[in-house]
Amino acid sequence: MGRKVNEDLAKERWSCGIKSDEFTAWWYGGWDKVAEKRKYESILKHPEVQHDIPLHYLSHKEMYEEKVRQSTEVLKKVKELREADMNPDEYNDFLGKMEILGMLGTSSPIEVHFSMFIPTIMSQATEEQQKKWLKRALRGEIIGTYAQTEMGHGTFIRGLQTTATYDEKSQEFILNSPQISAFKFWPGGLGHTANCAIVMAQLIIRGERQGIFPFFVQIRDENTHMPLRGVKVGDIGAKMGLKSTNNGFLGFTNHRIPRENMLMKNAQVLEDGTFVKAPMSVLTYGTMVFVRVMIVRDMSNRLAQAATIATRYSAVRKQSPINPDEPEPQILDHVTQQNKIFPQLAKSVIFKLAADLIIDIYNSVNSDLARGKHDRLPELHALSCALKAISSTDAVAGVEICRLSCGGHGYLECSGFPTLLGFVAAAYTYEGENTVLLLQTARFLMKAAKDPDLSPTVAFLKRYPDYKIKKRWDGSIGGMIEAFEAVAAAKIRIAAESVEQRIREGKKPGTAANLSSIELVAAADAHCRAFILRAGAESMEKVSKSVSPALAGVLKDLLELYAVDAAKKALGDLLCFTTITEGDIGQLQKRLEDVLARLRPNAVAIVDGFDFPDEVLKSALGAYDGNVYERIYEDAMKSPLNYEPVNASFHKYLKPFTKGNSKL
């Protein structure tokens, strides 16, 4: 809009101690990647991809149609920036960029095509199948989704009820939804956007169930877009968030697909009905692991967006004199405000470092799988489950804290917080409900309790063989990492002992685990938080050697804040399993206040370093120019209710009511 930048926000930028551009280069992995990012983001400035009316003023149907229009315009322009067809080997990197840049927005009906449909074909289809479908999908000649969750079953994948029965005579699979609870429910883009789907279904051969496997299923005609025979499909309706994602339902009645449409890279069904098992059953769920890994990175990104909005707003908003004889300060000067926002900044940075590490592990395990090695897959599965659960849990809390830190204006749609909160709240549940995921991690940890050599990430169990011996408290970052690992080791051993005790009492293993599930979840949570802190600290040590001393100092302050904030929240556990004292707790409080004060001068520089353009942030409170009140007013004036000075309801209802009362 070419507005002058708010004076208070400009002053923050002049007086900071770090260069936000250097932070940006570090955050995105180098100036070449920043340049490419900004090249793609320039698409969002084109008039064709802008919304004439803010989405929150549109109906459910209008919002969906507008997002389809915008998404296709964005993708057309993305294609123009690429000189050739995308190489599948480049896809993960490309997807990461699209996700981070928010190119399709948080609720595009085409997003699942990129994040799940294509990755599943890449990881689960044979070379012959990829030749048939992958290039068409990459070019956008077909639009797909990933249909796993059903009305009656979600995270418990083995309970899915959709069936794919093999017919040896026709060499086809017959898809059916035996009852309404078997209808696929929730897949993004399924409602009216996708014409194909990867459908997870119970494979039945000669009356026997073989397990859950993926099938490539065309659900709509490519030319007319009408549902095919035996397919019932539509939109699931209004939701708390992700309002234009076009989440859909899908039911089958004797819908036939060729045998070749089962994705057969890992498990196969031969022409005569012979079933060939996958080397490991978890290979079938490779897409889920990939998506959970990507969610960790995305939660870091969403927290950074929320913190950006809250920080910029807090630099502009003035309220409540600290001393009665002084003018109203920026609310960012209130220590309580810093204590709300700055820990979210720290979490976004530490989650990014943990996400980078788990992505490296994912890529390494994928390389191992290509060579037939599967030994690290259980570790990756356990880590991806726990990190997805913890990062999304903390993101939900963090976005809400940032929203609340902006007072009443944070309640406005134009603040950007309702959209952000709806997105991260959905992440708590999709691709595995968080409690169930932590229980899956705990299952791995119970094996680790008996064999600490199972993987490097549980090696700390060897250092803490007895949870009754308290770990000596050392307030250094290294000492806090060891303290968190001691807590994790203790909780893992307590949970294992609880399960074993109940089995000794005659309980079945499943019943014993259920009765001990509170301890199991606590063990998985503690293990993950210890992993995040160690991953963040070790990565930060490497980062600090490659950036300027000023930026290194700020990044170390963010690590310090993350560690101290985590320790204060875990005082009960630390008191139980370490020698922390009342004096140590007082020192933690002092360190918290000191690190908040050190970060205060650089807060705006940090969020500027995240480099979110206004077109991605979509917030009147968090815009780069800081013209908060002007933007709030402009958004209000775009409300359809303000198109005319007197609404028709006045003459139809209010006037007859008020005039009628005068006659009483």
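This is a predicted model: local features need pLDDT of at least 70, side-chain atom pairs count only at pLDDT 80 or more; totals for chains, interfaces and linings use all residues.
Leaving aside residues up to four places away in sequence, glutamine 338 touches Leu332, Asp333, Pro343, Leu596, Ala597 and Arg600.

The protein chain holds 22 helices and eleven strands. Its radius of gyration is 27 Å, close to the 26 Å that the globule rule gives for 664 residues, so the chain is as compact as a globular protein of that length. The C-alpha trace spans about 90 × 75 × 70 Å along its principal axes. Of the 664 residues, 55% are buried. Contacts also reach across the sequence: among those between residues at least 6 apart, 73% join residues at least 24 apart. The accessible surface of the protein chain amounts to about 29,600 Å², and carbon and sulfur atoms account for 54% of that area.

In general, strands of a sheet pair through backbone hydrogen bonds, in either a parallel or an antiparallel sense. Strand β1, residues 144–147, pairs with β5 in the parallel sense over four bridges, and alanine 147 stands opposite valine 199 of β5. Strand β2, residues 163–167, also runs parallel to β5 and is joined to it by three bridges; here threonine 165 faces isoleucine 204 of β5. Strand β6, residues 208–218, runs antiparallel to β5, with ten bridges between the two. Within that pairing, methionine 200 stands opposite proline 214 in β6.

Most residues other than glycine have a negative phi. Arginine 206 is exposed, with a relative accessible area of 56%. Its side chain has a charged partner: glutamate 168 forms a salt bridge with arginine 206, the closest N and O atoms being 2.9 Å apart. That pair links distant parts of the chain, with glutamate 168 in the loop between β2 and β3 and arginine 206 in the loop between β5 and β6, 38 residues apart. Glutamate 168 counts as partly exposed at 35% relative accessibility.

Two bridges connect β4 to β8, residues 248–252, in the antiparallel sense, and phenylalanine 185 has phenylalanine 249 of β8 as its bridge partner. The loops beside these strands hold two further positive phi values. Leucine 242, in the loop between β7 and β8, has a phi near 45° and counts as buried at 16% relative accessibility. Asparagine 254, in the loop between β8 and β9, has a phi near 50° and counts as exposed at 52% relative accessibility.

Salt bridges are the next feature to follow, and the count comes to 43. One of them joins the side chains of glutamate 615 and lysine 45, at 3.3 Å from N to O. This pair links distant parts of the chain, 570 residues apart: glutamate 615 lies in helix α20, and lysine 45 in the loop between α3 and α4. Glutamate 615 is partly exposed, with a relative accessible area of 23%. Another salt bridge brings glutamate 485 and arginine 463 together at 2.5 Å, N to O. Glutamate 485 is in helix α13 and arginine 463 in the loop between α12 and α13, so the pair ties together parts that are 22 residues apart in sequence. Glutamate 485 is buried at 5% relative accessible area, whereas arginine 463 is partly exposed at 46%. Lys37, Arg38, Glu41 and Asp611 are linked in a network of salt bridges.

The surface also has a nonpolar patch of about 250 Å², made by Val646, Phe650 and Leu654. Phenylalanine 650 lies in helix α22, residues 648–661, and counts as partly exposed at 34% relative accessibility.

Methods
Residues are numbered from 1 along each chain as its sequence is written. Side-chain values use heavy atoms; hydrogens and water are left out. Two strands pair if DSSP finds at least two bridges between them. Patches are made of residues with over 30% relative accessible area and no salt bridge: like charges are joined within 9 Å, nonpolar side chains (Val, Leu, Ile, Met, Phe, Trp, Tyr) within 5 Å. Accessible areas come from the Shrake-Rupley method with a 1.4 Å probe; for residues, only the protein chains shown count as cover. A salt bridge is a side-chain nitrogen of Lys or Arg within 4 Å of a carboxyl oxygen of Asp or Glu. Buried means under 20% relative accessible area, exposed over 50%, partly exposed in between (1.4 Å probe, protein chains only). The radius of gyration is taken over C-alpha atoms; the globule rule is 2.2 Å times the number of residues to the power 0.38. Contact means heavy atoms within 4.5 Å.
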